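Please read the numbered points beside the sequence and the model.

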Amino acid sequence: MAAAAAGLSWRRVSSFTGPVPRSRHGHRAVAIRELLIIFGGGNEGIADELHVYNTVTNQWFLPAVRGDIPPGCAAHGFVCDGTRILVFGGMVEYGRYSNDLYELQASRWLWKKVKPQAPSNGSPPCPRLGHSFSLYGNKCYLFGGLANESEDSNNNVPRYLNDFYELELQHGSGVVGWSIPVTKGVLPSPRESHTAIVYCRKDVGSPKMYIFGGMCGCRLNDLWELDIETMTWSRPETKGTVPLPRSLHTANVIGNKMYIFGGWVPQSAGGEISAPDGEWKCTGSFSYLNLDTTEWIGLISDCQEDKSNSLPGPRAGHCAVAVGTRLYIWSGRDGYRKAWNNQVCCKDLWYLDTERPLAPSQVQLIRATTNSFQLKWDEVPTVEGYLLQLHADSPVPSVAGIPAAGIPETSVLSSQGGCSLHQSPQSLPSVPYPEMKVDHPSQTNLIPNNVQVALSSSSKVEGKEKVAAPENKVTQETMKNHADATGFKESNAPSLLPVCTSSAQTSANVGELHDLDKQSVNPDASVSCTVSSTQTMVTQQAVKTESSSTNGAVVKDETSLTTFNSKSEAAETAYVMPSARVNTGQTNDSHSSRAPQKPPAPVKSRDRRWYDVGIFKNNSAVVSQFYLLPEETLNNSKTEGADVPDYRLLKKQDLFPGTVYRFRVAAINGCGVGPFSKISEFKTCIPGFPGAPSTVKITKSVDCIHLSWEPPASSSGNILEYSAYLAIRSTQLQENPSQLVFMRIYCGLKTSCIVTAAQLSNAHVDYTSRPAIVFRISAKNERGYGPATQVRWLQGKGTVTHS
């Protein structure tokens with residue numbers, strides 16, 4: 001099957017920096033988030049360096065390793081458990097194999113030689129190469145390989161193995177020891193240079209190890225399955241065309257598929273060739289096994305020739321690594337030249353996106369002004385860009401024959417005190433988009449490792465919260481669900497601001513993974529990192545927050561903030577109408593609730609058009625304009641399946657003050673545009689209200705904490721007072737965990753306050769992401785309260801005594 005017919009879009013990485021490792025074969029590689037870590041292999045000598053490639057910045061670097069640095073080896077076992085890597089065995093020089101075990105703590109680039117206990121029912125594994133070494137849970141599974149029967153390394157007498165070992169790991173670092181599991185069924189036949197992967201179906205939940213191919217004097221293409229729970233070997237029945245017998249190939253699991261690439265295969269088709277001197281060749285064939293249906297699907301055939309250099313060339317002994325849904329292939333041996341009596345190795349790096357990217361997180365607001373938004377969303381690994389779209393709740397004016405957009409089916413009652421933000425009741429279905437050709441991302445400026453601006457994982461509130469304004473008293477004003485077409489009641493809690501968070505992101509320019517072993521290795525997770533309660537903080541260790549008329553978004557998932565406008569923020573309330581806003585009069589700074597108003601009539605879904613803001617390479621954007629589509633495009637029923645427009649030919653529309661805009665974002669990779677995120681709504685600001693307090697600092701003392709902040713960057717007049725709130729436990733919260741209850745713990749002109757131990761003893765610990773105590777701080781001027789800053793104070797495991 002042709003690659004194009006199979007929908008494949010291989011990309012060769014042509015632009016990179018740093019010390020590129022020399023080409024080789026027999027090396028091994030693993031991935032830690034966006035980093036490829038390569039070790040060993042041979043080509044004119046066995047390599048002993050550790051090379052790292054950053055797939056985001058296209059940088060190679062050589063980390064400064066220390067400790068018990070292992071000798072160079074080839075055809076070794078190489079697995080990754082979090083941020084530690086285990087290396088077992090391999091060839092250390094011609095004819096001499098190893099059975100040593102090394103551990104690399106990649107967070108510190110520290111090597112350590114480990115000595116596991118011998119099994120109680122047999123001998124430890126003998127020195128070998130070409131074995132498989134697979135990780136599942138806290139155990140590694142060793143199978144097969146090739147041993148040298150001769151004690152003289154110059155007299156190589158091969159012995160193919162089919163022994164099976166289990167290596168139990170200690171948590172974090174170190175190992176317990178080897179064991180020889182008692183298995184049922186027939187063991188796979190002896191072999192080396194095979195592949196082994198572990199897969200666990202989501203619906204069944206029983207982990208299985210699959211062994212494919214290998215060499216035992218002749219190449220093999222048999223498939224074996226081990227049920228890890230029952231330790232039973234079997235030969236699963238498969239459908240489709242089984243790949244040719246092969247060795248020195250690679251196998252990688254992405255989703256429910258095991259992708260097989262390359263290796264040595266017979267020169268002519270016809271199954272196994274028993275003669276050791278049979279004609280063999282390197283292949284560039286590519287296929288996968290659906291692990292749920294055990295059906296083989298061929299993607300690139302063995303006989304397919306590619307004269308356009310759009311596919312990786314034939315090779316064996318290469319490495320292949322999955323980063324998210326992307327498969328990377330590097331180097332390997334592409335044949336043997338008898339005339340030269342040497343082997344030729346490839347020098348190229350390729351990647352393939354195997355499926356469209358996942359939907360990004362909801363768009364998050366960093367800063368809003370009267371006519372722009374600064375937005376961000378969580379990064380999706382291995383993507384080449386993001387398509388950002390918006391929909392305006394107020395009509396888009398007709399420009400050059402372009403009709404105005406309609407209003408949403410559900411109107412939003414919002415105050416003019418800052419930026420009202422709401423969440424759509426549900427995300428819209430993803431929009432099919434044509435395949436897009438985007439160049440591989442070039443070097444990118446990364447946010448420093450210790451600070452990354454993102455939204456805090458706040459309480460999961462679906463349009464309702466209860467807030468206490470006076471100290472030690474809880475008032476219970478609620479805002480109706482967004483789906484309620486009768487309008488909203490506004491709560492008097494301050495709206496929110498995204499906080500500064502720390503991510504386990506790796507700096508591209510530093511050859512080190514900073515404290516990765518202390519954090520979960522999850523490429524999609526932003527870790528709210530204000531201040532840990534297990535440390536005594538000093539004022540310099542600040543939690544910086546964005547300000548300048550900023551609000552968060554009312555959302556319905558765990559990774560975003562929940563906000564609403566306080567009644568005291570507003571000078572007047574308005575609906576977003578097709579032609580004008582309807583004023584409802586002035587209000588004072590009391591805690592009385594407003595009566596909902598009759599919403600405008602719903603409009604046809606055809607009028608709810610999405611407009612492109614643009615395609616962005618990084619996961620952030622400053623939005624002040626969007627593109628208007630021609631009328632003939634808007635009237636085309638196949639708009640969303642059409643080609644991406646040429647933005648240079650389109651007119652732009654500026655954002656308006658006091659207007660609600662909906663946003664959604666989709667990621668782009670070599671397979672095209674993925675599904676859109678859930679929808680977020682933000683309202684551009686109206687001048688006159690103060691911004692949010694910034695640079696929040698938390699200092700812990702023995703019996704209290706000291707909370708301080710800096711005034712808003714834009715006060716729009718004199719600041720009359722600040723209010724600080726603490727999320728507290730309550731019976732209402734137990735009944736509905738999505739409704740946070742706040743108590744005001746400070747009101748005054750000072751930019752700091754003391755939170756006593758008595759107050760903290762009543763605090764609610766939010767477990768939406770990592771356990772944290774939630775504070776909110778907002779400023780008031782003559783017009784009222786502006787948006788608030790929310791701070792999540794992280795709690796250590798030993799300090800959380802209540803929920």
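**Notes on selected features**

1. Arg-648 and Asp-646 form a salt bridge, with their closest N and O atoms 3.1 Å apart; the term denotes a side-chain nitrogen of Lys or Arg within 4 Å of a carboxyl oxygen of Asp or Glu. Arg-648 is exposed, with a relative accessible area of 75%, whereas Asp-646 is partly exposed at 33%. Here buried means under 20% relative accessible area, exposed means over 50%, and partly exposed lies in between (1.4 Å probe, protein chains only). Salt bridges that share partners also join Arg-11, Arg-326, Asp-353 and Glu-384 into one network.

2. The model is predicted: local features need pLDDT of at least 70 and side-chain atom pairs count only at pLDDT 80 or more, while totals for chains, interfaces and linings use all residues. Residues are numbered from 1 along each chain as its sequence is written, and side-chain values use heavy atoms, with hydrogens and water left out.

3. How many salt bridges does the rule give? The count comes to 21 salt bridges. Among them, Arg-84 pairs with Asp-81, the closest N and O atoms being 3.0 Å apart. Arg-84 is buried, with a relative accessible area of 4%, while Asp-81 is partly exposed at 24%. Another links Glu-93 with Arg-96, the closest N and O atoms being 3.6 Å apart. Glu-93 is partly exposed, with a relative accessible area of 38%, and Arg-96 is likewise partly exposed, at 42%.

4. Three strands form an open antiparallel sheet in the order E30-E31-E40. Strands are DSSP runs (E, at least two residues), numbered from the N terminus, and two strands pair if DSSP finds at least two bridges between them. E30 (364-368) and E40 (620-623) stand at the edges with a single partner strand each, so one side of each has no neighbour in the sheet. From one strand to the next the twist averages 20°, an angle between N-to-C directions, on a scale from 0 to 180 degrees, of axes fitted to C-alpha atoms. E30 and E31 (residues 373-376) pair over four bridges, and Arg-367 stands opposite Gln-374 in E31.

5. Strand E43 (residues 660-669) runs antiparallel to E45, to which four bridges join it. Phe-663 stands opposite Ser-680 in E45. In a regular strand the side chains alternate between the two faces of the sheet. In strand E45 (residues 680-683), Ser-680 and Phe-682 point one way, Glu-681 and Lys-683 point the other way, and all are buried.

6. Most residues other than glycine have a negative phi. Ser-331, although not a glycine, has a positive phi of about 55°. Ser-331 is found in the loop between strand E26 (326-330) and strand E27 (333-337), and counts as buried at 0% relative accessibility. Thr-695 also has a positive phi, of about 45°, without being a glycine. Thr-695 is found in strand E46 (residues 694-700) and is buried, with a relative accessible area of 17%.

7. Where does Thr-294 lie? Thr-294 is in the loop between strand E23 (286-290) and strand E24 (295-300). Thr-294 is buried, with a relative accessible area of 16%, and its side chain reaches the backbone oxygen of Glu-237 at 3.0 Å. Leaving aside neighbours within four places in sequence, Thr-294 is in contact (heavy atoms within 4.5 Å) with Glu-237, Thr-238, Lys-239 and Leu-289.

Technical notes
A polar contact is a pair of N or O atoms within 3.5 Å; within protein, one must be able to donate a hydrogen and the other to accept it, and residues adjacent in sequence count only if both atoms are side-chain atoms.
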